[in-house]
Each structure stands twice: as C-alpha cells, then as structure tokens.
Amino acid sequence: MTSPRIAFLDIDGTILDHGKAVAASTIAAIRGARAAGHLVYLCTGRAAGAIPPEVSAIGFDGAVTNGGAYATSGEETVVAATMPRAAVQRLMAYFEERGLLFFLQTDAAVHASPQVQRKFGVMLRRWESAHGEPDEPQTAPQGVPRTRDLTELDLDRVAKAVFLGEAVDTVARAQEELGDRFHVVPGSMPLPGGSNGEIGMHGTTKGSAIASVLDHLGLDRSVAIGVGDSWNDVEMFQVCGTGIAMGNAAPELKTLADETTTSVREDGVWNAFVRHGLVAV
C-alpha cells in the first residue's frame with residue numbers, strides 16, 4: 001500500500017451528476033480508498049442538512065460543509081465559523097435593496113422566503129423547459145432546494161449566503177461592493193440569464209477548513225488531495241498538496257488546479273484515485 005492519503009471531494013459535479021446520479025465507480029473509489037487505509041472527506045458548499053442521503057450513505061471520515069464554515073472529523077466538530085449577526089443583516093439589506101433572490105444557510109438547513117422559493121421554482125422550470133437535461137455534466141444541484149421559511153432563521157447561526165440576479169454582472173458588482181468583508185465567488189446554478197453567487201466571510205473557504213482538519217489530524221498538506229469542479233474549490237486546490245479539477249469544470253478553473261481528471265460521467269473520481277494510488281485497478 002502507498003502511504004496513507006486524505007482526499008477531499010466536492011459533491012455537485014464531482015460525486016453527483018445533475019444533483020441525482022452517483023456513478024458506481026465513485027462509490028467503489030471512496031469505499032475502496034477507505035478500506036485501504038486512506039481518509040475521504042466531503043468538501044461541499046452545501047449545508048450539512050442538505051447533503052443527499054445517497055451521498056452520505058457512501059460513507060466518509062468527515063465533512064467540510066457550507067463552503068468551509070463548518071467541518072467535522074468523525075463525530076468531532078473542527079470548524080464552526082458562523083457569520084456575525086451584523087454581517088448577516090448587512091447582506092440581507094444588500095439583497096433586498098437590489099431586488100436579488102437569496103438563500104441563507106445554517107449548518108442544518110437552507111432558508112428562504114416563500115416568495116423567493118416560488119420565483120426560483122419558476123426560473124428553474126423555465127430553464128428546464130428550454131434545455132431539458134443537457135448532455136454535459138451539471139455542476140450545480142438540480143431542482144428547487146428544500147428550504148425552511150426565512151422567518152424561522154436564527155441570525156446567529158448563518159454560515160453562508162447564495163444569491164441570484166437578472167443582470168450578468170450581479171456577482172461582479174457584489175464582489176466590488178461587498179469585497180471589503182466578504183468572500184464572494186460565482187455560483188453555478190442553471191438559470192436563464194443573469195448570474196448567481198455564493199458569499200462567506202473573508203478567510204472562510206473550503207481551503208481554510210481543510211487546513212484546520214489537517215492540523216487537527218496532524219497531517220501535512222502534501223498528503224491531501226482535493227477534487228472539485230466549481231469556483232468555491234479554488235482555495236481547496238491551493239491548500240491541498242494535489243488539486244484536481246474534474247473534466248467538466250470550466251476551462252479557466254482547470255488552469256488553477258494541478259491536474260485534471262475525467263468528468264463526473266467518465267469516472268472522474270475513480271480515475272483520480274487510481275492515478276494517485278488510493279485504489280488499485
């Protein structure tokens with residue numbers, strides 16, 4: 001066996017295709033790597049409460065969730081970096097003043113107003129009727145997310161925000177206007193026109209959470225592998241000794257990784273694990 005490694009895997013577009021299909025090879029790769037003595041962690045922008053049961057059932061050693069605001073190792077909580085209440089209030093005011101749809105995540109759930117849920121559902125159905133299920137792998141979740149009402153939200157437990165706007169420069173404007181305090185990255189929701197993004201606090205990324213997990217385990221970054229396909233994976237690529245972009249990632253994102261594997265539909269996780277000796281052919 002090779003020296004033990006630790007792998008961090010994104011979910012949508014890496015483990016899941018179109019938010020619903022998990023390749024048998026991906027399950028075999030994860031379970032095979034763990035059986036061989038390696039560690040495998042989820043590393044996702046999703047809330048822990050929004051991880052699909054079929055993904056959790058594969059079995060993992062821990063998880064980075066909410067884009068790095070939370071991290072667990074086994075039953076231990078390693079990171080719990082919620083947004084300050086004043087920061088959440090500033091974001092909500094920003095979204096409302098500009099007429100942007102938004103979702104706020106706690107570790108347990110995703111929250112949105114009934115109006116946002118309805119509007120998002122209409123937008124998604126409009127996109128689906130025009131495109132169907134595209135031939136290329138989809139990096140973002142499909143379907144209207146299961147949400148709780150915004151009135152039930154505890155402002156002291158918010159970990160991340162997701163927003164959508166009709167203008168193509170919605171994310172660019174948010175980066176400029178909120179960049180003094182927040183980490184704003186493009187999202188990958190399949191919607192007609194406009195743009196969407198994700199927001200966390202400065203310094204709270206998948207990369208920062210991975211660094212905390214590695215410190216907690218006493219592992220060097222050189223033994224870490226990070227596999228993903230979205231813009232919130234950039235810091236994961238930077239922290240892990242080996243950053244691997246999925247074949248279905250944007251070309252610009254691939255240039256920021258150390259290497260590229262095949263797509264989620266072409267056994268990307270399996271091929272990456274074989275290449276680095278986590279599983280044997």
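## The sheet

Let's start with the open sheet, in which 6 strands with mixed pairing follow the order E10-E9-E8-E11-E13-E12. Strands E10 (147–149) and E12 (182–186) are its edges, each pairing on one side only. On average, neighbouring strands are turned by 30 degrees against each other, direction ignored. This is a predicted model, in which local features need pLDDT of at least 70 and side-chain atom pairs count only at pLDDT 80 or more, while totals for chains, interfaces and linings use all residues. Residues are numbered from 1 along each chain as its sequence is written, and side-chain values use heavy atoms, with hydrogens and water left out.

Strand E11 (residues 160–165) pairs with strand E13 (residues 195–201) in the antiparallel sense, over 5 bridges. Within E13, Gly-197 is the bridge partner of Phe-163.

Helix H5 (residues 170–178) packs on the sheet and touches E11, E12 and E13 (contact: heavy atoms within 4.5 Å). Its direction makes about 165 degrees with that of E12; angles run from 0 to 180 degrees between N-to-C directions, with axes fitted to C-alpha atoms, for helices over the stretch in contact. Helix H3 (residues 85–97) lies across E8 (101–105), E11, E12 and E13, running at about 160 degrees to E8.

## Ser-188

The loop between E12 and E13 holds Ser-188. Ser-188 counts as partly exposed because its relative accessibility is 25%, between buried (under 20% relative accessible area) and exposed (over 50%), with a 1.4 Å probe and protein chains only. Glu-198 is 10 residues from Ser-188 in sequence and 9.4 Å away in space, C-alpha to C-alpha.

Conventions:
Pairing = 2+ DSSP bridges. Helix = DSSP H or I, 4+ residues; strand = E, 2+ residues; numbered from the N terminus.
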